[in-house]
2 protein chains.
Amino acid sequence: MHSEESPESHPLTSSAGQNLDPHLRRYAARAAGMTASEVRALFAVASRPEVVSLAGGMPNLAALPLDSIASEVASLIAREGMVALQYGSAHGVPALREQICDVMALEGISGHPDDIVVTVGSQMALDLVTRIFCDPGDIVLAEGPSYVGALGTFAAYQANVVHVEMDDDGLIPEALRQALSVAESRGQRVKFLYTIPNFHNPAGITLAVSRRAEILEICRRAGVLVVEDNPYGLLGFDGQTYPALRSMDPDNVVYLGSFSKTFASGLRVGWALAPHAVREKLVLAAEATTLCPPTLNQLIVSRYLETHDWQGQIKSFQQTYRERRDALLSGLEQHMPAGCTWTKPDGGFFVWMTTPEGIDTKAMLPRAVTARVAYVSGTGFYGDGFGSRQMRLSFCYPTPERIKEGIRRLAVVLEQELELYRTFGPASRRITSGPQTPSPDTA
Amino acid sequence: MHSEESPESHPLTSSAGQNLDPHLRRYAARAAGMTASEVRALFAVASRPEVVSLAGGMPNLAALPLDSIASEVASLIAREGMVALQYGSAHGVPALREQICDVMALEGISGHPDDIVVTVGSQMALDLVTRIFCDPGDIVLAEGPSYVGALGTFAAYQANVVHVEMDDDGLIPEALRQALSVAESRGQRVKFLYTIPNFHNPAGITLAVSRRAEILEICRRAGVLVVEDNPYGLLGFDGQTYPALRSMDPDNVVYLGSFSKTFASGLRVGWALAPHAVREKLVLAAEATTLCPPTLNQLIVSRYLETHDWQGQIKSFQQTYRERRDALLSGLEQHMPAGCTWTKPDGGFFVWMTTPEGIDTKAMLPRAVTARVAYVSGTGFYGDGFGSRQMRLSFCYPTPERIKEGIRRLAVVLEQELELYRTFGPASRRITSGPQTPSPDTA
């Protein structure tokens, strides 16, 4: 009666897996790369009010003029509902694509509306780019660390990520050259460099302007495309912007943009700007994925850009996030134990912290959540297991007061971990590790 | 100076292609399967007011209560904007998933909200299912003809479609057995049967209730999953519904549903209901694709289901489409030349017409558009080049009067084609063929 045995009697073995999921042997090879991201598990935790979440990347929407947006959307549906609620093209609403050109012009980009494809968030743009370029086994170069959601997409297409080292000025050109040369010597096909040049997620670092032409030149010579992901570019805390890579090499850069951080993430409106032939393929791939992006959402963004002071709104976001960044940095200065180091972003949402020898941020996470503070451990931002001493701290969502309280709590947890390590050595980690999944109910 | 030559001097050669698209050699193998669908090319044509479009599948939204939807959405944004405009989970809004269970119950389905994943239209649900199940070279079985958008998705994942014959009662069980047995003898891996059991797109046929258990049993014995695509199931013209395949075999059916035809297509809200382990993989794949479906759109649908008489609205849709179906069928009876045959749907959007020997519906299309009527030629609904004498006629969008006028125009074009064929034989096709792309400007 083997098949009647409880699955619990075969924990984590392949045969138990088959008992649990009768479809197991039917999945595509790529399904093996689809694993739950750490960020996803933490969405649930972050929503508990007693936990200060420095984990999520949810933008702060409190400053949005909800009443006037509501009345614009109502007029849109009442007057143009037959269009707004109907299918559109996979390419995207033409008027919005023209307005997106105006938005991109703020970072020096001169694009044509026809070369834009509107997507369901820039995540989908990244999915489409990976879909049309990456065969299984192809290499994608990315900063180390890199955006966890991008790593998930690359894994879903069985592309292998090779991380390229950063310093305080971002991607290191010499490290990029070396990575390309290693790949070439191994006969590997590098399909593109995925980079977040401005206010990097999770690193909080901006690629120095002086390095940009060099990075582009290295990729161009190597025949490697550049995928520039720029969701935070307009969120410089002093209103500063940096020249987009796309503005410096239009033929070899696919640019990904988003309204999630400058307007509203829940609308899921993003885009790709691509060389013309690539854009054509992206539209075909988009059509096979969703037929078309939601028409209503595109028209809401278009109407918002037309009728609201969207640049003024972005200035207000910059100020909010600057205050929160300041709260986080001063909290870290004040409370963190010796040996902790962190980046000092001048825009965006994130600080990247490195903890002293002896800390495993993933093992520590359940204890942090028990102490009512959450972060994302560093390993999620690497495809190769690195990052166990690192963590991402987000300052976008909680108020400055909550951020300071969260940092106080985090410092206490870190001190306790370090004390254990000093007393018992590395073995202490195994003794005290809780479950890998945060369980705030035990608090 | 070979590389300086104009691309036009090497029409359609590989080197010319590389001149046109410098990224050509970088694409993934799957990108080769991404080609423009005939439906897509026709969206542009269909939008010209002088053309009666029997081509598109755009639902009729005229009956929707736009003013009251507008005011509900305004209140949603004003009162719950901080949630509606924020990121959500890849799984979908819980309240909506519960309501989706109520919708599915109308067709006999007893599902659990946790086993539903909300997607950007059911097209995305199909994309995710194909993504997690199909390796390149895997076989997908589908009715012949089948939905053009599904064929595009299967091609994008390099799955090979094997069509299974239908008769007036839908998929023929014996043909399914044979297709499975041929695949087995060739050592091919069949991953799933993709079927549209109710008011088939494009065939306008419903799978007989008496065949349903047999089809399910054949697939179950062969170890082949069933993907049931059911966007039209609630649009039976007499209010009739048929028991969903999912209701008869929950463990071996992935069910795809949509609000595009029962509420509003431009919101792009669809879903998959899947066996639990499959649903988990679908959520991970969805997360890598779009992070999450738009929160606002999910809440709009949820609010609509809560506050509007949605079942009454569906009844009104049924009546509208019945009138249009009647207009189309009576027009066909009255005007079509001898030798034309067509299906007589009792629900949905589509009639499938077979024309007499001598007609090539794809070659004829430019002439039809010149005569100000559009349809979709049959070859788009087959992965194997079949369908050249068939066409899909949609009755969902134009008014009954316009439908009748469109059929009159189509009959004239067909008569002219047949006359040419009778006079000059098959060669006439080559003499009179215009460009493959419809060019209504020449009208």
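# Two chains, two domains: a quick briefing

In chain A, the centres of domain 1 and domain 2, taken over C-alpha atoms, sit 25 Å apart. This is a predicted model, so take everything below as computed from it.

**Domains of chain A**

- Domain 1 of chain A comes in two pieces, 32-63 and 312-423, while domain 2 of chain A runs over 66-307.
- Where the two domains touch, domain 1 of chain A puts in 30 residues and domain 2 of chain A puts in 32 residues.
- As a general point, an interface's size is often quoted as the accessible area lost when the parts come together.
- For domain 1 and domain 2 of chain A, the buried area is about 2,500 Å², with 64% of it on carbon and sulfur atoms.
- On the domain 1 side of chain A, look at Gln318(A), Asp346(A) and Phe381(A): they supply 23% of the area that domain 1 buries against domain 2, more than any other three residues.

**Chain A meets chain B**

- Chain A goes onto chain B with a rotation of 180 degrees and 0.0 Å of shift along the axis, at an RMSD of 0.0 Å.
- That makes the relation between the chains the one given by a two-fold axis.
- If you want to find the axis from chain A, go to Ala74(A), whose C-alpha comes closest to the rotation axis among the residues of that chain, at 2.7 Å.
- The copies meet through the same surface, because 100% of the interface residues of chain A are also interface residues in chain B.
- The chain contact involves 83 residues from chain A and 84 residues from chain B.
- Together, chain A and chain B bury about 7,100 Å², and carbon and sulfur atoms give 61% of that.
- Within chain A, the residues losing the most area to chain B are Arg26(A), Leu85(A) and Tyr87(A), which together make up 11% of what that side buries.

**A helix pair in chain B**

- Helix 5 (residues 121-133) and helix 6 (residues 148-156) of chain B pack at an angle of about 30 degrees, and their axes are 10 Å apart.
- The crossing of helix 5 and helix 6 of chain B is right-handed.
- Helix 5 of chain B makes the contact with Gln123(B), Leu126(B), Asp127(B) and Thr130(B), and helix 6 of chain B answers with Gly149(B), Ala150(B), Thr153(B) and Phe154(B).
- By type, the residues of this contact between helix 5 and helix 6 of chain B are three nonpolar, four polar and one charged.

- Gly144(A) and Pro145(A) are joined by a cis peptide bond, with omega at about 5 degrees.
- Pro145(A) lies in the loop between strand 3 (139-144) and helix 6 (148-156) of chain A.
- Over in chain B, a cis peptide bond links Gly144(B) and Pro145(B), with omega at about 5 degrees, and Pro145(B) is in the loop between strand 3 (139-144) and helix 6 of chain B.
- Leu291(A) is not a glycine, yet its phi is positive, at about 65 degrees.
- You'll find Leu291(A) in the loop between helix 11 (276-290) and helix 12 (295-307) of chain A.

How values were computed: Residues numbered from 1 in each chain as written. Chains lettered and ligands numbered in written order. Predicted model: local features only at pLDDT ≥ 70, side-chain atom pairs only at ≥ 80, totals over all residues. Heavy atoms only, no water. Axes fitted to C-alpha atoms, helices over the stretch in contact; angles between N-to-C directions. Helix = DSSP H or I, 4+ residues; strand = E, 2+ residues; numbered from the N terminus. Left-handed = near helix turned anticlockwise from the far one by under 90°. Contact = heavy atoms within 4.5 Å. Nonpolar A, V, L, I, M, F, W, Y, C, P; charged D, E, K, R; others polar. Least-squares fit on C-alpha atoms with pLDDT ≥ 70 in both. Domains from an automatic or database assignment. Buried area = accessible area lost by both parts, 1.4 Å probe.
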